[in-house]
Amino acid sequence: MNSAEEIHKVPSLQRSKYFATVALVIAVMTWICLMVVAHFLPEYRWLIHIFMLSAEAGVVGGLADWYAVTVLFRNPFGKIPLPKLLRDHTEIIPRNKARIAESMGRFVQENFLSPQIVQRSLQNTDLSLAVGQWLANPKNNGHVVQIIQQTVPKIFEFVSQDQIANFVQNNSVQWVRSTKINTLASEMLRAVLENDFHQDVLQRGLDLAHQWMVSHPEEARELSRTLFKELGVWKLAKGASWIGIDVQQRTIDSLIERVESMLANPEHPWRQDIEATTHALMLQLADTDSEASQRLNSGKDALLDSPQVLNFISGAIAILCDAIKTDLMQPDSGIATNLQAAIQQLGVSLIQNENVREVLNSKMVGLATNFSEQYSDKIIRYISERIHEWDSREMIAKIESEVGGDLHMIRVNGVIVGAFIGLILGLIRAFVENVL
């Protein structure tokens, strides 16, 4: 609870105590005044007795409710010697603090943190949709990006770029070194092949290659010349040009023709060869002892053992951190703009893609259920321990500030209800004594 609410509740409690005390004092004064009036007006004593009984009942009701409210928090008798039966039933809340702690812990566990409750509650809620709607709101994603803009530069100021570079280098290098990269590569290829994503990538790659060769003939010839030199057939190709055979152009034209045929025919043999080769590579990489896996892991270790590579990583990280910090500090930050667009697009995608939401909801339900199974006992124990550690006076003050106002208004009701019941009883008594 914030301080404003505390300030509001304390006057409310004091006001309720004031009303209750005033009501009780009025009832007592009315009762005394009626006794005096009855002494001086004996001819109206029967009527005055009706109101006296009402006042007496109001006093009794007010005192009874005062006692009931008071013994919840403290002992109203002080050091007065009383029978054990009465004393044991005062200071009810402080005396039962341990039992209250255990009861609250069980209540929270049984009604909020049990795996069955968590699973049933989350299954009836589309959490991913709620997250998507929240992220798609420009006000929300703008607030997230604003927090990132304010926080990340401060982190870079607090932690030097060299420290970040050394941390990333040391931890990432150790992680990559201990990771069998062949397994990771095999799983990535499997995901690509099983979702036919490779066909889209291949189609796009062939289309780009075709456009480049058609629109850049001079660069294509230079590339073919370099290739012929590397293969050691450049002199042969150059000699063929003396007799009117342009080997370079024929090679380029033949390659363009092949690319066009692959673009036009999804079942082209070369496409099938590429897919078969990729599938075979995936299977080889899945086997840690295969030659392809060993070459890949050996190449990885060789790179990690190279001082030049490590220095390049450190330098790149330092440059990247400085660039990110500088950009985020700009009012028109490109990173912030792109990040906000990405967050909003993520929210829109979650809203539109029901299948993705089902998967995410299932994962979140599983995580929350596992969390409740593993940590609910610790959470309940923590709650109980904190309640046990509360100072009794502090606990009483806290409870009174929360519900004391309503409890003391019960005292007002006790006076009013008691007086009303006493009035009814007085009327019945007068009727019986004077009419029957």
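**Note on the cores and the largest pocket**

1. The largest nonpolar core has seven residues: Leu206, Met213, Ala220, Ile252, Ile256, Val259 and Met262. The elements that give two or more residues to this core are α11 (197-215) and α14 (247-264). Of the contributors, α14 gives the most, with four residues. The model is predicted, and the points below should be read with that in mind.

2. What does Val259 touch, leaving aside residues up to four places away in sequence? Its contacts are Leu206, His210 and Met213.

3. Rolling a probe the size of a water molecule over the atoms shows where empty space is left. The largest pocket in this model has a volume of about 180 Å³. Its lining consists of Trp212, Met213, Ala220, Leu223, Ser224, Leu227, Phe228, Thr251, Ile252 and Leu255.

4. Which elements supply at least two residues each to the lining of the largest pocket? They are α11, α12 (217-231) and α14. The most comes from α12, which gives five residues to this lining.

5. Sorted by class, the lining of the largest pocket has eight nonpolar residues, two polar residues and no charged ones.

Notes:
Residues numbered from 1 in each chain as written. Predicted model: local features only at pLDDT ≥ 70, side-chain atom pairs only at ≥ 80, totals over all residues. Heavy atoms only, no water. Core = buried A, V, L, I, M, F, W, Y, C linked by side-chain atoms within 4.5 Å. Buried < 20%, exposed > 50% of the residue type's maximum accessible area, 1.4 Å probe, protein only. Contact = heavy atoms within 4.5 Å. 1 Å grid on protein atoms, 1.4 Å probe; cavity = no way out; pocket = protein on both sides within 12 Å on 5 of 7 lines; lining within 4 Å. Points joined across faces, edges and corners; volume = space filled by probe spheres on them. Nonpolar A, V, L, I, M, F, W, Y, C, P; charged D, E, K, R; others polar.
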